Amino acid sequence: MPKKGEIIIDERLCKGCALCVMFCSKKCISMGKIGPGGIPIAHFSDPEACTGCGVCGWMCPDMAIEVYEYVARRPL
Ligand code: SF4
Ligand code: SF4
């Protein structure tokens with residue numbers, strides 16, 4: 001089963017540098033959504049492709065991204 005992840009982008013912290021877009025190998029993040037400050041900010045545009053690798057979170061200079069990886073549970 002492929003790894004599956006999810007990210008949460010804090011729109012209040014994102015400055016629109018697009019580093020997360022450049023470094024996501026799965027192309028899950030895009031720019032274009034207008035944030036509270038009136039600038040384009042990062043948007044989690046393809047959640048299905050995210051593996052939870054964490055690279056976007058490491059690259060963000062403003063710590064605006066939280067990364068979660070889904071872990072399979074054994075049946076009860
Ligand atoms: S966790 Fe990895 S795959 Fe998911 S959006 Fe971030 S860089 Fe892309
Ligand atoms: S790296 Fe961080 S600050 Fe830069 S666009 Fe992505 S979320 Fe925003």
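Guide: Gladly! Let's start at Met-63, which counts as exposed because 10 C-beta neighbours lie inside 10 Å. The cut-offs are these: a residue is buried if 20 or more other C-beta atoms lie within 10 Å of its own, exposed if 12 or fewer, and partly exposed in between, with C-beta atoms placed from the backbone. This is a predicted model, in which local features need pLDDT of at least 70 and side-chain atom pairs count only at pLDDT 80 or more, while totals for chains, interfaces and linings use all residues. Residues are numbered from 1 along each chain as its sequence is written, and chains are lettered from A and ligands numbered from 1 in the order in which they are written.

Visitor: Where does Met-63 lie?

Guide: Met-63 is in the loop between H2 and E4. Helices (H or I, at least four residues) and strands (E, at least two) are DSSP runs, numbered from the N terminus. Met-63 also has a positive phi of about 50 degrees, although it is not a glycine. Most residues other than glycine have a negative phi.

Visitor: What about Ala-18, what is its phi?

Guide: Ala-18 is not a glycine either, and its phi is positive, about 75 degrees. Ala-18 sits in the loop between E1 and H1.

Visitor: Let's step back. How many helices and strands are there?

Guide: The chain has two helices and four strands. Along the sequence they follow the pattern β-α-β-β-α-β. The C-alpha atoms fill a box of roughly 50 × 20 × 20 Å, taken along the principal axes. Of the 76 residues, 18% count as buried.

Visitor: How do E2 and E3 run?

Guide: Strand E2 (residues 29–34) and E3 run antiparallel, joined by five bridges. Two strands pair if DSSP finds at least two bridges between them. Met-31 has Ala-42 in E3 as its bridge partner. Their hairpin has five residues between the strands, and there Gly-38 takes a positive phi near 85 degrees.

Visitor: And Ile-39, is that buried or exposed?

Guide: Exposed: Ile-39 has 11 other C-beta atoms within 10 Å. Its place is in the loop between E2 and E3. Ile-39 and Met-59 are 20 residues apart in sequence and 20 Å apart in space, C-alpha to C-alpha.

Visitor: New topic. Which residues are closest to ligand 2?

Guide: Cys-14, Cys-17, Cys-20, Ala-42 and Cys-60 are the closest of the 15 residues that surround ligand 2. Helix H1 (19–23) and strand E3 (40–44) are the elements that give two or more residues to that shell. A residue is near a molecule or strand if its C-beta atom, placed from the backbone, lies within 6 Å of it.

Visitor: How does that shell divide?

Guide: Around ligand 2 there are 12 nonpolar residues, one polar and two charged. Ala, Val, Leu, Ile, Met, Phe, Trp, Tyr, Cys and Pro count as nonpolar, Asp, Glu, Lys and Arg as charged, and the others, Gly among them, as polar.

Visitor: And which residues come nearest to ligand 1?

Guide: Of the 14 residues around ligand 1, those are Cys-24, Cys-28, Cys-50, Cys-53 and Cys-56. Strand E1 (5–9) and helix H2 (55–59) each supply at least two residues of this shell. It divides into nine nonpolar, four polar and one charged.

Visitor: Which residues have the most contacts inside the largest nonpolar core?

Guide: Ile-9, Cys-20, Ile-29, Ala-42, Cys-56 and Ile-65 do, in a core of 14 residues. E1 and E3 are the elements that give two or more residues to this core. A nonpolar core is a set of buried Ala, Val, Leu, Ile, Met, Phe, Trp, Tyr and Cys residues joined through C-beta atoms within 7 Å.

Visitor: What is Ile-65 in contact with?

Guide: Leaving aside neighbours within four places in sequence, Ile-65 is in contact with Ile-7, Ile-9, Cys-20, Cys-56, Gly-57 and Cys-60. Contact here is between C-beta atoms, placed from the backbone, within 7 Å.

Terms used. Two residues are in contact if their C-beta atoms, placed from the backbone, lie within 7 Å.
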